[in-house]
Amino acid sequence: MHFTSKLPDVGTTIFTVMSKLAHQEGAINLAQGFPGFDSDPKLQQLVTKAMSDGYNQYAPMPGVYGLREQIANKINTLYGSDYHPESEVTVTAGATQAIYTIVSAFIRPGDEVIVLKPAYDCYEPAVTVNGGTIVPIQLKAPLYKVNWSAVERAITPKTKMLFINTPHNPTGTILDKEDMMELSRILKGTDIILLSDEVYEHIVFDGKQHESVARYPELRARSFITASFGKTFHNTGWKMGYTVAPKALIEEFQKVHQFNVFSVHHPSQKAFATYLKEPEHYLRLNDFFQQKRDLFLDLIKDSRFKVTPAAGTYFQMLDYSEITQEEDVEFAKRLTKDHKLASIPTSVFNLHQEDFKMLRFCFAKDDETLKKAATILCEI
């Protein structure tokens with residue numbers, strides 16, 4: 001049987017590679033980005049109750065209305081937007097499914113999509129499999145600031161979509177108000193769709209605020225925002241998220257959504273509809289994860305790694321250039337095998353695999369795990 005792969009260059013993800021190696025070596029896994037603690041027992045009880053109450057058949061295609069109502073209320077309250085739960089919110093099987101569906105709904109062969117790199121690894125395959133062309137813009141270590149002039153120069157009549165991600169995985173950086181104003185200026189007068197990946201919106205540090213696209217009317221009018229309950233509430237295995245966008249965009253999204261997923265886990269939707277009524281469940285996360293970040297950074301302050309503190313997410317980039325000039329993939333594997341600590345080498349996310357000698361560590365772990373990991377880092 002003969003066929004041609006639509007994704008010939010896609011292999012096993014670095015997350016799978018490093019987590020498998022961590023398991024084989026019995027290493028501490030600060031590689032894959034999942035929280036090392038359980039979600040709130042109250043939330044788990046709400047899911048169990050929903051099952052017992054009979055919410056075990058298909059949910060409505062856009063999502064349970066009560067949940068869409070709470071999502072819209074949360075976003076509108078935090079960011080001064082005006083999303084309508086009936087026509088501008090869809091519940092999805094995690095943010096990755098939302099992203100793939102957005103791309104599938106709009107990208108045709110020949111369309112160009114601007115991606116800021118390093119980029120989360122689901123973006124580019126979604127574009128490629130739908131016939132689009134990636135236009136990469138490389139961000140430079142250690143600050144990974146966006147060169148908006150370069151973005152502006154990359155726009156052509158074929159540009160259909162632009163991805164942004166704030167707070168940013170893997171770098172832990174955030175876009176500020178000036179970034180959003182520049183982005184608004186650049187896109188004004190175009191028909192470019194903005195896809196804003198905001199799955200870490202509730203994990204921003206040092207008193208800064210999350211600059212959601214929802215805050216900016218001119219951007220909001222052309223944008224999809226994707227978000228994740230899994231990242232927010234420590235249950236990535238539930239694969240629950242959502243997207244919001246203006247009515248005309250959501251209608252196109254749902255035309256695809258109804259045929260690749262239709263609807264997502266009904267009991268979880270009922271549980272989140274209740275859980276979101278208490279804002280402290282998500283508003284307290286900034287402080288919770290900042291304590292984790294600060295503990296981790298304090299523990300490694302005497303190590304040879306160079307640090308720019310993460311401004312958001314639960315990932316910390318560490319510069320190892322004063323330790324070795326090994327390629328980051330090789331150093332990450334050696335760190336896992338010889339020192340029993342797994343991380344993510346970040347060159348795999350860069351244009352031409354450019355190597356800035358940076359490893360990404362997930363600090364969403366219990367304190368004891370972070371202390372053990374820090375001890376290893378200080379000994380290298």
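Analyst: Lys-140 counts as partly exposed, at 45% relative accessibility. This is a predicted model, and the questions may start from this residue.

User: Which residue forms a salt bridge with Lys-140?

Analyst: A salt bridge requires a side-chain nitrogen of Lys or Arg within 4 Å of a carboxyl oxygen of Asp or Glu. The closest N and O atoms of the pair are 3.1 Å apart. The partner of Lys-140 is Glu-354.

User: Is Lys-117 buried or exposed?

Analyst: Lys-117 meets Glu-124 in a salt bridge of 2.6 Å, N to O. Glu-124 is partly exposed, with a relative accessible area of 23%. Buried means under 20%, and Lys-117 has 7% relative accessibility, so Lys-117 counts as buried.

User: Is Lys-301 buried or exposed?

Analyst: Lys-301 forms a salt bridge with Asp-298, with 3.6 Å between the closest N and O atoms. Asp-298 is partly exposed, at a relative accessible area of 42%. The cut-off for exposed is over 50%; at 56%, Lys-301 counts as exposed.

User: Why do the buried residues of H7 lie on the same side of the helix?

Analyst: Helix H7 covers residues 177-187, and its buried residues are Asp-179, Met-180, Leu-183, Ser-184, Ile-186 and Leu-187. They are on the same side of H7 because they cover an arc around the axis of only 165°.

User: Which helices and strands do the buried residues of H7 pack against?

Analyst: The contacts involve both strands and helices. The strands are S5 (159-165) and S6 (193-197). The helices are H6 (148-154) and H8 (217-220).

User: Which residue takes a positive phi just after H7?

Analyst: At the start of H7, a side-chain oxygen of Asp-176 comes within 3.1 Å of the backbone nitrogen of Glu-178. Just after H7, a phi of about 85° belongs to Gly-189.

Conventions:
Residues are numbered from 1 along each chain as its sequence is written. This is a predicted model: local features need pLDDT of at least 70, side-chain atom pairs count only at pLDDT 80 or more; totals for chains, interfaces and linings use all residues. Side-chain values use heavy atoms; hydrogens and water are left out. Buried means under 20% relative accessible area, exposed over 50%, partly exposed in between (1.4 Å probe, protein chains only). Helices (H or I, at least four residues) and strands (E, at least two) are DSSP runs, numbered from the N terminus. The arc is that of the directions from the helix axis to the C-beta atoms. Contact means heavy atoms within 4.5 Å. A polar contact is a pair of N or O atoms within 3.5 Å; within protein, one must be able to donate a hydrogen and the other to accept it, and residues adjacent in sequence count only if both atoms are side-chain atoms.
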